[in-house]
Amino acid sequence: MRVWNHLGAWALAVVLCACGPGLSNGNGGTPGLDGGGSGTDAGGDVPQGNPRPLMDSAELSYDDPEGHTVTISVTGRDFVPTTVIRLGSSALPTTYVSETRLTASLTHTQLAEWSNRGVDVFTPSPGGGDSGSVGLSIPAPVLSELVPGSIPSGCQDELTPVRILGKNFYRASTVIYLGGIPLPTTFVSNQELLVQVERSRCQQGGFQSLSVKNDLGPWPQLSGFVQLPVRYPEPRLDDVWPRVVSANDTTFTHPVSFTLQGSGFRDGSQVYWNGNRVESSRTNEGVLTALLPPELFTTAGRGAFTVHNPEPGGGTSGSFEILVQSGPVLRELSPGRAVQGSAGLVLEVFGDGFGTSSSTLLWNGSARTTWFHGNGQLVADITAEDLSTAGTARISVLREDGKESQSLGFVVSASAPTPVVSSLSPGVVSAGSGARVITVYGSGFQPRSQVRWNGEERATSFQAETPDRLGVSLTAADLQTPGEARVTVSNPAPGGGTSLPLMFQIDSRHEVPLLTWAEPGWLPAGSGDVELTLGGYGFEPASIVRWNGVALKSTFQRETPPFSSLEQTVLRATVPAGLLATSGAGELTVSNPEPGGGTSEPYRLPVVASNAWRASRLHPSVLDAGAQPVSLYIESGSEGPFFSKESVVRVGFREKVPLTQSATGLTVQLDAEDLVTAGNLEVRVFTPYGGWSAPLFLRVMPPRQPLLQSISPGVLSVGEWAPLESRSLVLWGVLGARSYMSGSSPVSGLVARWKGAERSVSLFNDSIRAMFPVTGADLETAGTVPVGLARPAAGGGGSLPALLHVTLERPVPFTLSLSPAGLPVGSASFPLRVRGSGFHAASVVRWNGEPLPTRWEEGMLVATVPASALATAGEATVVVHTPGPGGGTSLPLLFRVLP
């Protein structure tokens, strides 16, 4: 027992020592012990020593299903329970399996730090020793199978899952594309990984090569690459437009663009015409555009398109036949109808093969004044006399070579349409802002159209050049009292009717005015009284003009012509001689009274001595603070002195060398730092013979609240589109610097205010229009919705609101044109596009009285016309019908089934 206890305690001490640092002494022994495994004890018996271990092989395996560790397996002989596996100088927690096998686990971090150093086994004293090291290679991952074995091209989802099966995977294993691009990888087990293939990798068919990479040590381990086929679908060709093309039988050669619709189209899809591959591109899902070169359609006859997708997968679609016709081809008339007794109009004719500029539009066989807008478009003047008799006029095109197109029918209707209104400009004003002309926008307007204000007729003006708008004169009394007014448009009988009402907002509050320009642009020092003309937005009869804080005598004038997109206003003010005694500058402001109201940003105007020279003007003269870099043009004026190559420009305190230079103008670059701070930025020009010019002032505007003038559309019907469908409303107004001075950068930071909540908006480049989304669910309740604009950075407030009228009634639809307006007899089923306004989700296209499957698409109705409707040559009547409440049936358009 004494000996056992002595040896047991001694062996335990050695094991503990073997697990600590400094285990090896170079020969595998322990200090004071014989490396051969035997020794003597001077004080007693000679104990039996452990044998020196012998190692035959060492293997590494990834057998941890959780992927956290790897296993080293060592085979040999003379292993004992205290024998340990060592990597370099570090002992690993070792499992004794048998006297011929040991195993140990280590993390991937330890394995990476080991970096292919040798492995050995060591048995502690008594006896024992090390085996000597052998090399241990890190096995590479093995990729054996992909599930699924292929994926379809044109993935529907952003990421497509693919299982990677094999072995030697761990938690940090990564699947890569050929070229080393990683994929999002999820570890499932040591034999399975899950990857997500991005949509961008499967838009086009072909092969994606995948491999598994284990980043362990300085040399990453890679599996072999396995190909993941991205299969092309078999394409299906459903429709081609145009269906008829003019044979290229004139000296005017041109390619023709075709739109192919179907399914299974991908970026690599190929288009063939009569077996000849032609240039093509995929424009969006299910649509290809093909360009047919002129040499492929030189003679009349028929040709066919097919679409081919290459391997893997792929295939060839069925063919779609196209008619090649000798002579010009007519496809569409816009408009396709007019009212008897109307003023003359401009008729647009679309088609193909019109040749050169000598082609002529024929009205019932008689030539009309025609303008050539390209091989596929003509524009002609139709006179009032042409429209004096109701009936159907035949429209054709006569080419310079004497070939004439087949005709399409133009309807001269004895009945007037019911007008469809869309918006008012302006649609919101301040109470007491004075008489004005407002513009009503819409469709179906006639010379006898009448605008009603709260049911009472008002003076109405119509211009044949702008048939989509009417001017209506409102008196100061109409706009004196805050509240809402109803604006409708009526057409007289026969036919005719009254539009849905638009709502006009008369607000008790006043706008903060915006002063945008002043003429003249400088004032002479020491002169007499000078009259200034100030232009801008939000001016009213009660507006006050001040010069350096002194109120000036002024008069209000509204000079915006009817039908302008934005209403501008003018003030005329007199600056007395006493304020112009010396050179310098004066600050002009315009103020509006409470409630609301406020004072415009100051407009700095130079007062120049008679002997001083000056530049004429700046373009732009107004920019928003924080605007992007922009070019500033400085005009010298007709009186000189003129600029030279030595001219230098000073903007604020920074001198700039001109980018471009002429005697009459200079251009310099304004950097972002020039436009950081709001205020009036002084601009001077130096010339060697004139010195520094008198100043001009560039206005850098602070963020300000927008001035809203109208909303479009201003009237919508409950259920006009589906609850989850989203469309955009457009708000018009003074929204940024570009609104009042061209050439400047648009300003963002706008939000729309809808029923008390803020909605993001998109700003058009012109900065007078902003769009915001509205869903069908927003239109489920009838009523009037105030809609405003705000710029939170400007602090508080916001614009006066325009009014959106949501009504239970539906408009009578107004139709403008058909596309196409004719096809050859025997043609296949096709989509008929009906352009117009006042369409509702419940609207249906009718063909000779029969309803057709109808859908709404990008502002028009698209109806599917069956092939049976084209079986016999003749003319069909096309109308749009909207059921009640309200609603009704449009006036007819004609479709010709060509013989």
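Phe686 is partly exposed, with a relative accessible area of 27%, where partly exposed covers the range between buried (under 20%) and exposed (over 50%), computed with a 1.4 Å probe on protein chains only. The model is predicted, so local features need pLDDT of at least 70 and side-chain atom pairs count only at pLDDT 80 or more, while totals for chains, interfaces and linings use all residues. Residues are numbered from 1 along each chain as its sequence is written, and side-chain values use heavy atoms, with hydrogens and water left out.

The structure holds ten aromatic pairs; rings of Phe, Tyr and Trp (its six-membered ring) pair if their centres lie within 6.5 Å, and planes under 30 degrees apart count as stacked, over 60 as edge-to-face and the rest as tilted. Phe686 and Trp692 form a tilted pair, 5.3 Å centre to centre with 55° between the planes. Trp692 is also partly exposed, at 30%. A second tilted pair joins Trp847 and Phe895, at 5.1 Å and 50°. Trp847 belongs to strand β77 (residues 844–847) and Phe895 to strand β83 (residues 893–898), so this pair ties together parts 48 residues apart in sequence. Strands here are DSSP runs (E, at least two residues), numbered from the N terminus. Both Trp847 and Phe895 are buried. Elsewhere, Phe258, Trp273 and Phe305 form one aromatic cluster.

Charges also sit over rings, meaning that NZ of Lys or CZ of Arg is within 6 Å of the ring centre and within 35 degrees of the ring normal. The charged end of Arg650 is placed over the ring of Trp692, 4.0 Å from its centre. Arg769 lies over the face of Phe764, 3.9 Å from the ring centre.

Next come the side chains around Leu60. This residue is in strand β1 (residues 54–61) and counts as buried, at 9% relative accessibility. Its contacts (heavy atoms within 4.5 Å), leaving out residues up to four places away in sequence, include Val70, Ile72, Leu106 and Pro139.

Methods:
Helix = DSSP H or I, 4+ residues; strand = E, 2+ residues; numbered from the N terminus.
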